[in-house]
Amino acid sequence: DVLALPIFKQEDSSLPPESETKNPPFQYVLCTATSPAVKLHDETLTYLNQGQSYEVRMLDNRKPGELPEITNKMVKSVVRVVFHDRRLQYTEHQQLEGWRWNRPGDRLLDIG
């Protein structure tokens, strides 16, 4: 018997030349490793540990003089943390309330 294993996605190290890619003006990076075990054609997946802090960096990709209409203006960002497991997606609100109940006074997100 042959066991059918899923095909895992390999990160492509050959990026297209900069002239072929158009970066968004701002980019957000979750500073933690992604899981290497991702099926082909699936999005990357990062597992977060309960109680551990993670840094999210906002990178400014603009070149000097690019998008002058947003220079010296406030930028609004929306960060959403969700469960990957579909069963837990239906109980996100209850999970968040349980977290708040067990950690009174703790903040879910600190901005520094």
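Helices (H or I, at least four residues) and strands (E, at least two) are DSSP runs, numbered from the N terminus. The model is predicted: local features need pLDDT of at least 70, side-chain atom pairs count only at pLDDT 80 or more, and totals for chains, interfaces and linings use all residues. Residues are numbered from 1 along each chain as its sequence is written, and side-chain values use heavy atoms, with hydrogens and water left out.

**View 1. Helices and strands of the protein chain.** Two helices and two strands form the secondary structure. Their order along the sequence is β-β-α-α.

**View 2. Confidence along the protein chain.** The average pLDDT (the predictor's confidence in each residue, from 0 to 100) is 76, and 80% of the residues score at least 70. Residues 1-6 have a pLDDT below 50, and this stretch makes one contact (heavy atoms within 4.5 Å) beyond near neighbours in sequence.

**View 3. The largest pocket.** A pocket is an open set of points on a 1 Å grid over the protein atoms alone, where a 1.4 Å probe fits, with protein on both sides within 12 Å along at least five of seven lines; lining residues have an atom within 4 Å of a point. The largest pocket holds about 2,600 Å³ of space, the volume being that filled by probe spheres set on the points, which are joined across faces, edges and corners. Its lining has 50 residues, with Leu-48, Tyr-54, Arg-80, Val-81 and Val-82 nearest the centre.

**View 4. Elements lining the largest pocket.** At least two lining residues come from each of β1 (26-30), β2 (56-60), α1 (86-89) and α2 (92-102). The largest share, eight residues, belongs to α2.
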